[in-house]
2 protein chains.
Amino acid sequence: MTRPHGSAPIAEVLSIGDELLCGDTVNTNAAFLGQRARALGVVLTHVEVVRDREDEIVAAVRAAASRCDVLLVSGGLGPTTDDLTTAAVALAAGCPLVRDADAVARLEEKFRRFARVMPPANLKQAERPERAQWLDNPIGSAEGFWLELGGCAVFVMPGVPRELQRMQREQVEPRLRERLALRPVARRVYRLLGLGESAIAEKVEPIVDAARERSAALRQLFVHYRAAMPEVIVVLEGTARDGEGAGEDELSGFDAAMQQALAPALYGMGEADLPTRIVAAATRAGLRLCCAESCTGGAAAAGLASVPGASACLDGAIVAYDNRIKREQLGVDAALLEQHGAVSEPVARAMAEGALRSLRSDLAVAITGIAGPDGGTAEKPVGTVHVAVADRDGTRHLRLQLRGDRGTLQRAAASWAHKLLWDRLVERGVATLQWLAPSPLE
Amino acid sequence: MTRPHGSAPIAEVLSIGDELLCGDTVNTNAAFLGQRARALGVVLTHVEVVRDREDEIVAAVRAAASRCDVLLVSGGLGPTTDDLTTAAVALAAGCPLVRDADAVARLEEKFRRFARVMPPANLKQAERPERAQWLDNPIGSAEGFWLELGGCAVFVMPGVPRELQRMQREQVEPRLRERLALRPVARRVYRLLGLGESAIAEKVEPIVDAARERSAALRQLFVHYRAAMPEVIVVLEGTARDGEGAGEDELSGFDAAMQQALAPALYGMGEADLPTRIVAAATRAGLRLCCAESCTGGAAAAGLASVPGASACLDGAIVAYDNRIKREQLGVDAALLEQHGAVSEPVARAMAEGALRSLRSDLAVAITGIAGPDGGTAEKPVGTVHVAVADRDGTRHLRLQLRGDRGTLQRAAASWAHKLLWDRLVERGVATLQWLAPSPLE
């Protein structure tokens, strides 16, 4: 593979396994490797998935290696008869398979540590193509390996996502940094909830167009929009095909204009998601949070609890799926439920205020809605959702009309509840749009 | 593309879009199309993802069409400048692009329906390769299209998952059934929670080996194991490369042996997941359910609420993330918390019994554990989880030692709570292993 001087190295991903083709497993490894490649400054041009068939793997490895600088192969390193990757890569590289005595010893040691007897089938995992070098796997039996194939560095990793992720970070990337002149692409991420993709583009494109006029370094600025209902993430990238892209500093110059154009939907910049920001801000401010949930069934609280360290601010939640629980646990007046129905502004407000009272937190957010597929009416169709946030200073409410299937609506309603909570934290001066970005290479 | 008489048609998937390569979007469309292909009796041999570059799309379409009977293309049908799929497919097919007046009218009508003015850019979506035929898209602006390319039927669909899914079901599959002699592969699904993949394989392989000896039709029986922590799904398939596979009847003959070998981890057969089964069984029996959750933060209740019609049995939940909420809302004795710690058998039991009392349901399930990454000790490492289920007849408890990161542990703990609830329903005689399978083609 030859490429113009100064342009970014090219990578491909080759995923191996019938389970990826029969739809049993979603190929999350490809997405993970794509993110890592991007952060490293490697351009991923191609993902390919092939079956557990030796001849098909050999052909795919050869073809991919002839097109790129780095080939990331995953899957098929297990001990069973349908694990053919090692043998196929050896064939593609035209070198014999060898059993490595050191690798056998390491494998036996791993089984000893888990107090298990090693089945003979696992000996296969100590075989590698003769001129390959091992890649350590401290959390699984399948070590990876790498070798050169006509100028392409071929890295072979297990398909189990957490094993692959660790191997990519700890074994593959240091070797890539050593081997290639990498220039990570500068990237600026803006996170929004409450504006559609096209409405956002209408606001962002003029800002970007003006910048392209203004600066040579920004001419090849790349913008993309990633919709993750109901959120949209806008990414500015200093891509440069000729090696002259914009740097971090130039990109950060967009912040003010973006904030002005996109408020109040813009909730933050950088990689951290909404629950992470809420937990960070509430913890810093010493505020305790709780939820009162109907149609989301606990998803809003579970979203907050997914953040490490959530216990520093999360009290808990009352999931009042049934109206009786809304009355008994949240103190929602039976007359309100009767008069306005469970999916209504007064009930959403009463739920938030009830949770605040019952759980004695500082802020409470409530969600009630119609997630479908049944239960909609002309006046309150499926997707009608009321969210409310309450604190000592009062209660705010929002009526939403969301679209999608039941799962989509439940996720979107929970995200909107987080947004309302976030906005209240911003209003109280304890949260900002600040850049809260874990380093992409960590 | 020629293939031996009687063998299954070959399909490939070609997904187009930079967002799939930079890791912003996980390619769930490929998994969906893999499932559909399998159910239809089409063998998916290859998934490929390429960038939004016209020349790369043209090359990929041509190469794939030369290898298969059916090419399913997705993505790149939007109105923006980086949507290049239609033009590229026209180039690959060697026919001009035409703007279709009927398609323009349909597009304008769609915008009218959503009370929006059609931006001029969208006119692009009314263009198709001259000899292509449209595929209707009732829920989005991007219609699909299909054409023949040297014996391969090329179907082009939008990348938005719900639009693609509907188009595949309603537009693509009827045309495939018309065009190809399809013989769906018989498939039997066994669902387990509580046994590892290799332990399950040790029990299943002898059963399958014996059957292969016994019957010619079963000789090519295919078994695969799909681990979805903490569940494992075992799939038996009457695959036959020479067209002589086992049918539904022969596969159902395995049920008794599988039940005997895999109980008590086997919770059901067929496609329905654990929450769906719990909601169905509890509803039929007229039993009301609730949850008391600590480390899962509401995920167990949200899992039940994800099932359409959950309101027929789900009362709600108390998420007692903080110990104060465990005391105040669930009536857990402060002395218990003090003496045993929040993550302990007595507290799990008290939480389940407290929820039963507070929410007045028929069954309550409780979860308390250490989801990490911090908070573990030598005695109670991260992954220590206690679950308990309570009803009028008493309380059962299970201590688990789970592995994985925070998200994995929370999901696994919620699934184990569902399993405990399910086992109690089985014990009470209101749930069975019955085949609860939506038709795969519905």
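Begin by selecting helix α10 (residues 274–285) of chain B together with helix α15 (residues 406–427) of chain B: they pack at an angle of about 35°, with their axes 10 Å apart. Axes here are lines fitted to C-alpha atoms, for helices over the stretch in contact, and angles run from 0 to 180 degrees between N-to-C directions. Helices (H or I, at least four residues) and strands (E, at least two) are DSSP runs, numbered from the N terminus.

Show side chains next. On α10(B) the contact is made by Leu274(B), Pro275(B), Arg277(B), Ile278(B), Ala281(B) and Ala282(B), and on α15(B) by Ser415(B), His418(B), Lys419(B), Leu421(B), Trp422(B) and Leu425(B). Two residues are in contact if their C-beta atoms, placed from the backbone, lie within 7 Å. By class, this contact has 8 nonpolar, 2 polar and 2 charged residues; Ala, Val, Leu, Ile, Met, Phe, Trp, Tyr, Cys and Pro count as nonpolar, Asp, Glu, Lys and Arg as charged, and the others, Gly among them, as polar.

The model is predicted: local features need pLDDT of at least 70, side-chain atom pairs count only at pLDDT 80 or more, and totals for chains, interfaces and linings use all residues. Residues are numbered from 1 along each chain as its sequence is written, while chains are lettered from A and ligands numbered from 1 in the order in which they are written.

Now move to chain A and select α10(A) with α15(A), whose axes come within 10 Å and cross at roughly 35°. This crossing is left-handed. Among the residues that meet here are Ile278(A) of α10(A) and Trp422(A) of α15(A).

Then select helix α3 (residues 54–65) of chain A. At 1.5 Å a residue, its 12 residues should span 16 Å, and the end C-alpha atoms are 16 Å apart, which agrees; the expected span is 1.5 Å times one less than the number of residues. Colour Ile57(A), Ala60(A), Val61(A), Ala64(A) and Ala65(A), the buried residues of α3(A). They cover an arc of only 120° around the axis, which puts them on the same side of α3(A); the arc is that of the directions from the helix axis to the C-beta atoms. A residue is buried if 20 or more other C-beta atoms lie within 10 Å of its own, exposed if 12 or fewer, and partly exposed in between, with C-beta atoms placed from the backbone. The cover over these residues includes β1 (10–16), β2 (43–50), β3 (70–74), α4 (85–93), β7 (144–149) and β8 (152–157) of chain A.

A distance drawn from its C-alpha atom to that of Val204(A), 102 residues apart along the chain, gives 57 Å.

Display both chains: 54 residues of chain A are in contact with 54 residues of chain B. Elements giving two or more residues to this side of chain A include α2 (28–40), β10 (222–228) and β14 (314–320). By class, this side has 25 nonpolar, 17 polar and 12 charged residues.

Finally, view chain A whole. Chain A contains 15 helices and 17 strands, and its C-alpha trace spans about 80 × 65 × 45 Å along its principal axes. Buried residues make up 51% of its 442 residues.

Definitions and conventions:
A crossing is left-handed if the near helix is turned anticlockwise from the far one by less than a right angle, and right-handed if clockwise.
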